[in-house]
Amino acid sequence: RASQEAILALYSLNASQITLRLSQLPEEYQEIFSRLLKIKVRRSSIDQITSLNYSGQISTNLASPPLQPDTIDIFNLKEIHKSFKQSTGKVQKCCLKYHYPEEMSADSYESRENNSSIHIETNSHNLNSFSNSHTTVDGGIIQILDDLDKDTLQFHDKQSILIHLKELIKYDYSSCKLINNIEKMIKVIFKLLIDTEPTIREHTMTLVMYLVQKSEVVVYFHDYTELIILKIINMCCDSYKSVVKVAEECLITLSVSLHIETVVKIITPLILAKEFPVNLIAIRMMTKIIDTYGSPPIIDKIKDIMSGLLQSYDNPDSAVRKSAVFCMVSLYKVFGSQEFIPHISSLNGAKLKLLNLYIERSQQSIKIN
């Protein structure tokens, strides 16, 4: 317990450096720390959550007894060697208690699916049919989340339900009703992000993108910024190219949707210390932030950012070098030559000439537009 408290204290002092150190450890240890941090976040946010009006979706006994120190031994050796799926299952036991309808089995869902003529590829008509098969739409989302939370759910059923949930959120579902169920939603998302099936991981990341683009909903993800970004960044190293593609798209969306200062603190050390492809996506995320928000989120980190970009300019991977140049061009545009030039004094003639060429092209493009 003392070790846990020490690590959390270090994290509170310097989140970006601790995040960097943890990212260099085996993935099992990263998952264990994620569990520990998630428990801390939930404890600290109970008072805030209880003040919200959840319209009866959360049990009146919301502030359930806190997790006891001996309930989970975070650094138990046996625990370390358990799979991510088992680890996530124990994290979920720490979640606040909810009052949900009784869970259905996979077979009963399949039966209901056949009766309602619901297909995997949905449209507006069958989405309405899916909603009408429940007493209320709000009740429907609870049942969907309960189904997705089951370990016994078969792949095809899970995929079908997840696609329906994506489409509901994208087209039909109100932000108010999402907020009523957001804690359950986030719990299910973290579970599905480590699913063994790559298709499920892809759909889950797309679901995350839909959610964080809703202004009323995204604020509920701010407490999970570090966890969700690091988890999805790891998917950039996935063996399935389709997963990597969706992960990159999701991270770009998250970079300008979540708490910006926190995102900058997370990705700045990744640019400097991590190898391809993590450093590449971190640079692209930083470029997106600069292009979207300008200098305010990064002004205090400019030296660290430039240190990472200059190192990336020498990277053996051409995609990393090119992305570093594009990011420096974006920095030049928001800071101007007077503030930017001192940061590139170490560049040799050829590299400086190439950077100037890209800056001139960017300026010409702005004039033409």
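Visitor: Why are α18 and α19 called oblique to each other?
Guide: Helix α18 (residues 302–312) and helix α19 (residues 318–340) pack at an angle of about 140°, with their axes 9 Å apart. Axes here are lines fitted to C-alpha atoms, for helices over the stretch in contact, and angles run from 0 to 180 degrees between N-to-C directions. Angles under 35 degrees are roughly parallel, over 145 roughly antiparallel, 65 to 115 roughly perpendicular, and the rest oblique. About 140° belongs with the rest, and therefore the pair is oblique.

Visitor: What should I know about the model itself?
Guide: It is a predicted model, in which local features need pLDDT of at least 70 and side-chain atom pairs count only at pLDDT 80 or more, while totals for chains, interfaces and linings use all residues. Residues are numbered from 1 along each chain as its sequence is written, and side-chain values use heavy atoms, with hydrogens and water left out.

Visitor: How many helices and strands are there?
Guide: The protein has 20 helices and zero strands. Helices (H or I, at least four residues) and strands (E, at least two) are DSSP runs, numbered from the N terminus.

Visitor: Which residues of α18 meet α19?
Guide: On the α18 side they are I302, I305, M306, L309, L310 and S312. Their partners in α19 are V320, R321, A324, C327, M328, L331, F335 and F340. Contact means heavy atoms within 4.5 Å. The crossing of these two helices is left-handed: that is the word if the near helix is turned anticlockwise from the far one by less than a right angle, and right-handed is used if clockwise.

Visitor: What makes S312 count as buried?
Guide: Buried means under 20% relative accessible area, exposed over 50%, and partly exposed in between (1.4 Å probe, protein chains only). S312 has a relative accessible area of 3%, so S312 is buried. S312 sits in helix α18 and, leaving aside neighbours within four places in sequence, is in contact with I271, I283, V320, R321 and A324. Other buried residues of α18 include I302, I305, M306, G308, L309 and L310. Among the elements covering the buried residues of α18 are α16, α17 and α19.

Visitor: Why are α14 and α15 called roughly antiparallel?
Guide: The axes of α14 and helix α15 (residues 241–255) cross at roughly 155° and come within 9 Å. That angle lies over the limit given above for the term, so the two helices are roughly antiparallel to each other. Here, I228, I229, I232 and I233 of α14 meet A247, C250, L251 and L254 of α15. α14 passes α15 in a left-handed crossing.

Visitor: What does α12 pack against, and through which residues?
Guide: One partner is α11: the two axes come within 9 Å and cross at roughly 145°. M185, I189 and L192 of α11 make the contact with I200, R201, T204, L207, V208 and L211 of α12. L192 belongs to helix α11 (residues 182–192) and is buried, because its relative accessible area is 2%. From L192 to T204 is 12 residues in sequence and 6.4 Å in space, C-alpha to C-alpha.

Visitor: How do you know how many disulfides there are?
Guide: A disulfide is a pair of cysteine sulfur atoms within 2.5 Å, and the structure holds zero of them. For C236, the nearest cysteine sulfur, that of C237, is 6.7 Å away, and C236 is in no disulfide.

Visitor: Are C236 and C237 buried or partly exposed?
Guide: At 5% relative accessibility, C236 counts as buried. C237 has 48%, so C237 counts as partly exposed.

Visitor: What kind of peptide bond joins F276 and P277?
Guide: A cis bond, with omega about 5°. P277 lies in the loop between α16 (260–273) and α17 (278–293).
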